[in-house]
Amino acid sequence: MSAFRAGRVGDAAAYKAAAIGARAYPEIEARLKALADPLPQIDLATLRQLPAGTFGRAYADHMDCKGLRPLVVSPSVAAELAGADILAIRYAVLHDTFHVLLDFDTDLSGELGVWAFVSKQRYSPRFRRAGILARALYTVVAPIKFWQLKAAQACGERMASEAACLIAEPIQTFWNEHLPTLRHRLGIRPVSG
């Protein structure tokens, strides 16, 4: 709570994610531990300078368009949480990169598409349950969007079965790559692409 009150939203989110926990399956946990930088610092000002068509520029444009800011986990909090299950914290930091890579908006359908992808990629039992809960909850919240939600879910699940294990990829090293090329390399085929 003190981190949130101090305006350190990323630190607050990291503490919350660590407290809730989402123990990764052993093979995912091993891949996350092998990452050089599991909790990257994302600098939108730098990404805005990249050429149009790059992943980093698309991410910055997405964040600006939606009025969002990346979650920044301070080095001291990252060090403090180094022994914690990193999956939930990493996912919180990188959630919006999933939206960009998968080409899902941030509306209910887009969120369900991302959750369907994450659930199907089998990062952890908790993430799998969250995907199931999202499917049930979103159709209750917006029953008139049933078919749109169903299509987003199917698309997310299809992409998940074809794509690389996205959470274990060094996503923050891909900023300079041409977005369609990166998607192809990672095995991601969004509906629009």
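In this predicted model, the loop between helix 7 (87-102) and helix 8 (108-120) holds Asp103. The backbone deserves a look here, since most residues other than glycine have a negative phi. Asp103, though not a glycine, has a positive phi, near 60°. With a relative accessibility of 38%, Asp103 falls in the partly exposed class, because that class lies between the 20% limit for buried and the 50% limit for exposed.

Attention now turns to helix packing. Two packed helices are described by the angle between their axes and the distance between the axes. For helix 9 (residues 125-141) and helix 10 (residues 146-162), the angle is about 160° and the axes lie 9 Å apart. Helix 9 is therefore roughly antiparallel to helix 10, as angles over 145 degrees are classed in this way. The crossing of helix 9 past helix 10 is right-handed.

On the helix 9 side, the contact is formed by Arg135, Tyr138 and Thr139; helix 10 contributes Phe146, Leu149, Gln153 and Glu157. Sorted by class, the contact of helix 9 with helix 10 comprises three nonpolar residues, two polar ones and two charged ones.

Key: Residues are numbered from 1 along each chain as its sequence is written. This is a predicted model: local features need pLDDT of at least 70, side-chain atom pairs count only at pLDDT 80 or more; totals for chains, interfaces and linings use all residues. Side-chain values use heavy atoms; hydrogens and water are left out. Axes are lines fitted to C-alpha atoms, for helices over the stretch in contact, and angles run from 0 to 180 degrees between N-to-C directions. Helices (H or I, at least four residues) and strands (E, at least two) are DSSP runs, numbered from the N terminus. Angles under 35 degrees count as roughly parallel, over 145 as roughly antiparallel, 65 to 115 as roughly perpendicular and the rest as oblique. A crossing is left-handed if the near helix is turned anticlockwise from the far one by less than a right angle, and right-handed if clockwise. Contact means heavy atoms within 4.5 Å. Ala, Val, Leu, Ile, Met, Phe, Trp, Tyr, Cys and Pro count as nonpolar, Asp, Glu, Lys and Arg as charged, and the others, Gly among them, as polar. Buried means under 20% relative accessible area, exposed over 50%, partly exposed in between (1.4 Å probe, protein chains only).
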